[in-house]
Amino acid sequence: MLSFFWLRCLLKMVKENIVVPEEILNFCCNGLQGSTSPPRAQEPAEEVPGAMESPSPTRNPTEVQMSQLVLPCHTNHCGELSTGQLLKWIDTAACLSAERHAGCPCVTASMDDIYFERTISVGQVVNIKAKVNRAFNSSMEVGIQVSYEDLCSGKHSSICKAYATFVAQGPSGCKVKLKPLTPQTEEEKIEHSIAAERRRMRLVHKDTLKDLLTSSSQETAERETRDGSVAVPAENTRVESVELVLPPHANHQGNTFGGQIMAWMENVATIAASRLCHAHPTLQAIEMFHFRGPSQVGDRLVLKAIVNNSFKNSMEVGVCAEAHGQEMSVSRRHINSAFMTFVVLDEKGRPRTLPMVTPEPGDGERRYREASARKKIRLDRKYVVSCKQTEVPLSVPWDQSNKVYLSYNNVSALKTLIAKANWALAREKEKVQIYTLEEDKFLSFRIEMLVCITASQAFALLSDLRRRHEWDKHYASAELIQQVDDDDMIYHVVSQTLSHENKPQDFVILASRRKPCSKGDPYVVAFRSVTLPTHPASDSFTRGETLCSGFCIWPESEEMSKVAYYNQATPGYLNYVTTNVVGLSSNFCATFE
């Protein structure tokens, strides 16, 4: 610091044409040579006007940036960017990113749910950034961020965030084994880690819907009533359209461009929604596009859409795409399906009340019930996944519809904490290290050590909370009250730590355990508080909450593993933390071992 002070003085003297004494010059030079500060970057060469800035050396090699000026040909009747056009751009950018990593052609397998935050007008710029978050065996997840830029005001704002799955294809359509992706930045490490959990959530989505429908099958479906509203038969909203796939609609592999299919699907869905409300609807959300197979130039794509259900201020439209050869009567192939949520906005931008829908008998009734279930899942997911950690209550109500998303939120919160880069070593004793991380309102800590036990054994022991009282004096007991599935359990935990009310604390905790998705991944056991109607807070205990805690276990060798315990400490847990952890007593080290 002293050397840089003298350096600033030296520069000032030179600037003012003052003769610099030789003693000062030598002192500054010697001081700088002995400084422990990192060397300063070399001054950049003089810029050439209009020259392109060279890419950062740390930039993700799979990253693709696309900027598109919204022209009248890209817009709908309102002068706003057509969602179909936006989907084309998103799919293009994501595909280019996937192919940068794979080094071969890639096809869109699915596109996760997309929530559109605002519309984009003519003259504004759409900025799309896509990069591969993680490569699995032959598939990879690409994260896409979309924002808009107003060139006149310089204002920027987010439009949506999406995750697409692409599959690499070799000659003759065979799958290609992908090389692993090594994340560099903290953000990339978080996305890489959570990508495995998102993949798991995609695979169980159908089962979640099935479970919810089964649990509610005994209940009588309640039809919503609205004053002065006349029910519209769903049949009146049905749309069927055919598109001939021409060379401009194909991608560089000769298959129909996935973004084009999504745009056609959005078009017929918008028509179906308009037939219900007799107004111009706004697309609010898309529920996962899933591509089941390719189509080629010369195919006839039949696109079908119908309003499945309408709620007070929104409606769900189901849409599918089928491919036919030249003979329309044969070789029908299901290409894609999706569910789109529309709203109708008044002149002040507020959602209007929509007419009710009378479903068709049979399949129409099934679609009607499924739309209600999907709405519940959508609202639960939006609440759970977007829940701010600084808001209370921390304990989210658990039920059948949100179990997948609570589990996802539980594991992703812990993985996010694990991937943080600013951990500081606070103490080390008897080969046990404690690290701390201070962020906003939270103090997080990590305790780790090497143990002579295999990672799989440590995982099996630490994931069973019923045995934790045997080694952790903080736990008095832990009762398994609900086995959600093989990987998720809910426990009622009683703590020996007394609260300020001089009563023992109790917790209702969701424990989510995950085995490694691929080589190099750790075993993870995540904990968070939930609310169950069968176990409300009682006068006998002070109900405590844990926001984010758990274990991470890395295999070090065949007989050794590294075990780390994480906790994002909340006030109810700080007494235990300050008593047992911060001092890092010998007793605690023995307990942890």
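Tutor: What follows starts with the basis of the model, turns to the helix pair, and ends with a few loop residues.

This is a predicted model, in which local features need pLDDT of at least 70 and side-chain atom pairs count only at pLDDT 80 or more, while totals for chains, interfaces and linings use all residues. Residues are numbered from 1 along each chain as its sequence is written, and side-chain values use heavy atoms, with hydrogens and water left out.

The average pLDDT (the predictor's confidence in each residue, from 0 to 100) is 81 for the protein, and 78% of the residues score at least 70. Over residues 1-54 the pLDDT stays under 50, and the model has 20 contacts there beyond four places in sequence, a contact meaning heavy atoms within 4.5 Å. Residues 218-222 also stay under 50, with zero contacts beyond four places in sequence. Where pLDDT is low, the predicted coordinates should not be read in detail.

The protein has 10 helices and 24 strands, which are DSSP runs numbered from the N terminus (helices are H or I with at least four residues, strands are E with at least two). Of its 593 residues, 48% count as buried, where buried means under 20% relative accessible area, exposed over 50%, and partly exposed in between, with a 1.4 Å probe and protein chains only. Among contacts between residues at least 6 apart in sequence, 68% join residues at least 24 apart.

Now to the helix pair. The axes of helix H3 (residues 83-102) and helix H5 (residues 258-277) come within 8 Å and cross at roughly 160 degrees; axes are lines fitted to C-alpha atoms, for helices over the stretch in contact, and angles run from 0 to 180 degrees between N-to-C directions. That crossing angle makes H3 roughly antiparallel to H5, since angles over 145 degrees count as roughly antiparallel, those under 35 as roughly parallel, 65 to 115 as roughly perpendicular and the rest as oblique. The crossing is right-handed, meaning that the near helix is turned clockwise from the far one by less than a right angle. On the H3 side the contact involves Thr83, Gly84, Leu87, Lys88 and Asp91, which meet Gly258, Gly259, Gln260, Met262, Ala263 and Glu266 in H5. These residues divide into three nonpolar, five polar and three charged, with Ala, Val, Leu, Ile, Met, Phe, Trp, Tyr, Cys and Pro counted as nonpolar, Asp, Glu, Lys and Arg as charged, and the others, Gly among them, as polar.

The loop between H5 and strand E9 (282-291) holds His278, which has a positive phi of about 50 degrees although it is not a glycine. Most residues other than glycine have a negative phi. His278 is exposed, with a relative accessible area of 72%. Within strand E9 itself lies Met288, also not a glycine, with a positive phi of about 20 degrees; at 21% relative accessibility, Met288 counts as partly exposed.

Elsewhere, Arg350 sits in the loop between strand E12 (333-343) and strand E13 (357-358) and is partly exposed at 46% relative accessibility. Arg350 touches Val344 and Leu345, leaving aside residues up to four places away in sequence, and its C-alpha atom is separated by 9.4 Å from that of Asn313, 37 residues apart along the chain. Lys519, in the loop between strand E20 (504-514) and strand E21 (523-531), is exposed at 87% relative accessibility.
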